[in-house]
Each structure stands twice: as C-alpha cells, then as structure tokens.
Amino acid sequence: MFLTRVGYGIAYFVVLIIEIIKSTLSVAFNGVMRRNIDPVVVDIETVLERPVSQTILANSISLTPGTLSVDLDSENNIIKVAAISPRKKEDIIPFEPYIKKMLE
C-alpha cells in the first residue's frame, strides 16, 4: 500500500513537471507571440474530499503558467481558477487522479 502511494507520488511529480513545461510553451507562443489572451474565471469541481488533497491540487494549478487558483471551497469541493485563455477541465487539472490515489 505504501509503495503504491509512493509510486503515484512519483507519477504525480512527473506529470506536474510535464504540465508546467507544456503550459510554459503554450503561454509563450499563444499568449505572448500571438496575443491570444482571453481571461476567464471558472469553477472546477473536484472529486478530492480531503482538504490537504484539495490544497495540493490548488497549488499545482497555480504552479502551471497561465492558471491561478483564486478560491478553494473545501465543503463543496470547488476550486475557482483564473486562466488566461479558456480551457477544458481536463487541461487544467490533469494531475487530479494521481493526487487522489496518492493521498485518499
């Protein structure tokens, strides 16, 4: 059980690094060079129940360029996210399953 959680922790870290690199390139090319900026604020419902898991998810969203966690409602499992361009939920939180298997 412990080794499984460690494995998902390593997978989460790898996916987070990949998403940071992808977001950096996306913001650089689409946001800066093409000036394709259309800021939005979206409510994202999460399946994570524990406040620590939700906090890690919110911080991971803020680490990726182009997104920022504005508010976390732990009781309703909703994270309010500001993004510089409209994105799908799966593009904003691709690491949610890894956090769930790692911490819940």
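**Fold, helix packing and side-chain pairs**

The secondary structure of the protein comprises 4 helices and 3 strands (DSSP runs, numbered from the N terminus: H or I of at least four residues for helices, E of at least two for strands). Along the sequence, these elements follow the pattern α-β-α-β-β-α-α. The radius of gyration is 14 Å, close to the 13 Å that the globule rule gives for 104 residues, so the protein is as compact as a globular protein of that length; the radius is taken over C-alpha atoms, and the rule is 2.2 Å times the number of residues to the power 0.38. This is a predicted model, in which local features need pLDDT of at least 70 and side-chain atom pairs count only at pLDDT 80 or more, while totals for chains, interfaces and linings use all residues. Residues are numbered from 1 along each chain as its sequence is written, and side-chain values use heavy atoms, with hydrogens and water left out.

Of the 104 residues, 29% count as buried (under 20% relative accessible area, with exposed over 50% and partly exposed in between; 1.4 Å probe, protein chains only). A look at helix α4 (residues 96–103) shows how burial is arranged locally: its buried residues are Glu96, Ile99 and Met102. These cover an arc of only 130° around the axis, which puts them on the same side of α4; the arc is that of the directions from the helix axis to the C-beta atoms. The cover over these buried residues includes α1 (2–33), α2 (51–63) and α3 (89–92).

The structure holds 1 aromatic pair (rings of Phe, Tyr and Trp, the last by its six-membered ring, with centres within 6.5 Å; planes under 30 degrees apart are stacked, over 60 edge-to-face, the rest tilted). The ring centres of Tyr12 and Phe95 are 6.2 Å apart and their planes stand at 90°, so the pair is edge-to-face. Tyr12 belongs to helix α1 and Phe95 to the loop between α3 and α4, so that distant parts of the chain, 83 residues apart, are linked. Tyr12 is buried at 11% relative accessible area, and Phe95 is buried at 1%.

Charged side chains contribute 2 salt bridges (a side-chain nitrogen of Lys or Arg within 4 Å of a carboxyl oxygen of Asp or Glu). Glu19 pairs with Lys22, with the closest N and O atoms 3.2 Å apart; the two residues are 3 apart in helix α1, about one helical turn. Asp43 and Lys80 form a salt bridge at 3.7 Å, N to O. Asp43 lies in strand β1 (residues 40–45) and Lys80 in strand β3 (residues 78–83), so this pair ties together parts 37 residues apart in sequence.

Terms used. Contact = heavy atoms within 4.5 Å.
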